[in-house]
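Hi there,

Here is the structure I promised to pass on.

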Amino acid sequence: MVKRLQSAESKIESDVKVILKMLESEILDINRNEQLFEKGLGTDGRLLGVYSKATQEMTEGIQGTGFPKRAGSPYNFYDTGEMFKSFDLRVGKDSFSIFNTSRSLKEFSRTKGISEDRIIGLTAANEIKVNFQMIAPILREFFIRNIG
């Protein structure tokens with residue numbers, strides 16, 4: 001039994017990497033959809049900004065995802081969809097990170113004075129959600145299967 005436990009323990013790091021790849025799309029959607037599109041929240045959990053009256057007037061009549069943009073409503077970060085398609089997950093030895101390579105993110109960050117690090121990544125609450133509600137249950141199953 002001890003050898004099976006040691007074997008299962010030695011597989012944890014590789015199991016977590018497998019789990020992160022399995023959950024990649026869901027994790028990215030938390031950043032893309034829940035934080036940015038639906039709530040306009042930064043990695044610090046605070047609102048990143050709201051649309052102005054001028055933006056509302058410029059986008060009046062435009063239909064589709066992310067439109068119209070109403071004055072006072074949180075930024076939803078959706079224009080052409082290019083930024084949302086440019087999300088990726090990097091898995092390191094002890095952690096994972098979310099990154100984005102889109103030009104529209106860089107332009108938004110520059111013009112609004114909001115750092116990309118405040119836009120791309122999970123809030124503390126969402127990190128807990130990913131770690132304990134998404135990764136941990138699957139890791140537990142893997143561990144039980146490995147010692148079984």
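This is a predicted model: local features need pLDDT of at least 70, side-chain atom pairs count only at pLDDT 80 or more; totals for chains, interfaces and linings use all residues.

Residues are numbered from 1 along each chain as its sequence is written, and side-chain values use heavy atoms, with hydrogens and water left out.

A pocket here is an open set of points on a 1 Å grid over the protein atoms alone, where a 1.4 Å probe fits and protein lies on both sides within 12 Å along at least five of seven lines; its lining residues have an atom within 4 Å of a point. Volume is the space filled by probe spheres set on the points, which are joined across faces, edges and corners.

The largest pocket has a volume of about 440 Å³. Its lining has 21 residues, and Tyr 51, Lys 69, Tyr 78, Asp 79 and Phe 108 lie nearest the centre. Helices are DSSP runs of H or I with at least four residues, and strands are runs of E with at least two, numbered from the N terminus. α5 contributes the most to this lining, with five residues.

The second largest pocket holds about 300 Å³ of space. Among its 19 lining residues, Asp 94, Ser 95, Phe 96, Ser 97 and Asn 131 are closest to its centre. Here α2 (12-39) gives the largest share of the lining, five residues.

Happy exploring!
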